[in-house]
Amino acid sequence: QVQLVESGGGSLESGDTLRLSCLGTGLPGGAYCTAWFRQSPGKEREGVAVIDGGGGTKYLDSVEGRFTISKDNAKKTANLQMNSLKPEDTGMYYCAAGWPRYCNVGVTGQGGFGYWGQGTQVTVSS
């Protein structure tokens with residue numbers, strides 16, 4: 001049984017700070033590509049931040065400088081620190097892990113992630 005569970009979502013105002021967490025249960029050992037995806041109203045689900053097995057990170061241009069992804073392989077946890085939140089950050093956030101062809105952000109390559117969480121809602125008002 002493999003399960004990823006996100007937590008930490010909520011309703012906030014523009015400029016607020018929030019940290020999302022993801023806990024993995026039953027995951028096999030290995031160096032995963034770990035990602036946070038976002039499903040925003042009227043848009044495709046999109047990877048906003050990734051961290052590869054070596055600790056390298058990549059972000060969407062729209063969140064770079066405001067969001068930070070981290071992970072702890074021993075604890076099987078991943079986090080997304082979100083600063084200076086904007087209304088356009090609103091959406092359902094999902095954590096994912098696996099071995100996609102490319103450990104990258106964007107809308108492509110989602111099928112390469114074998115494990116997904118159920119999502120946690122983040123709503124940012126102005």
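Q: Is Gln 118 buried, partly exposed or exposed?
A: Burial is read from relative accessible area: buried means under 20%, exposed over 50%, and partly exposed in between (1.4 Å probe, protein chains only). Gln 118 has a relative accessible area of 44%, so Gln 118 is partly exposed. This is a predicted model, in which local features need pLDDT of at least 70 and side-chain atom pairs count only at pLDDT 80 or more, while totals for chains, interfaces and linings use all residues. Residues are numbered from 1 along each chain as its sequence is written, and side-chain values use heavy atoms, leaving out hydrogens and water.

Q: Where does Gln 118 lie among the strands?
A: Strands (E, at least two residues) and helices (H or I, at least four) are DSSP runs, numbered from the N terminus. Gln 118 is in the loop that links strand E10 (115-116) to strand E11 (120-125). The protein chain has 11 strands and zero helices.

Q: Which residues does Gln 118 touch?
A: A contact means heavy atoms within 4.5 Å. Leaving aside residues up to four places away in sequence, Gln 118 touches Leu 4, Val 5, Glu 6 and Tyr 94. Across the protein chain, 61% of the contacts between residues at least 6 apart in sequence join residues at least 24 apart.

Q: Why does the radius of gyration agree with a compact globule?
A: The radius is taken over C-alpha atoms, and the globule rule is 2.2 Å times the number of residues to the power 0.38. For 126 residues a compact globule would have a radius near 14 Å, and the protein chain has 13 Å, which agrees.
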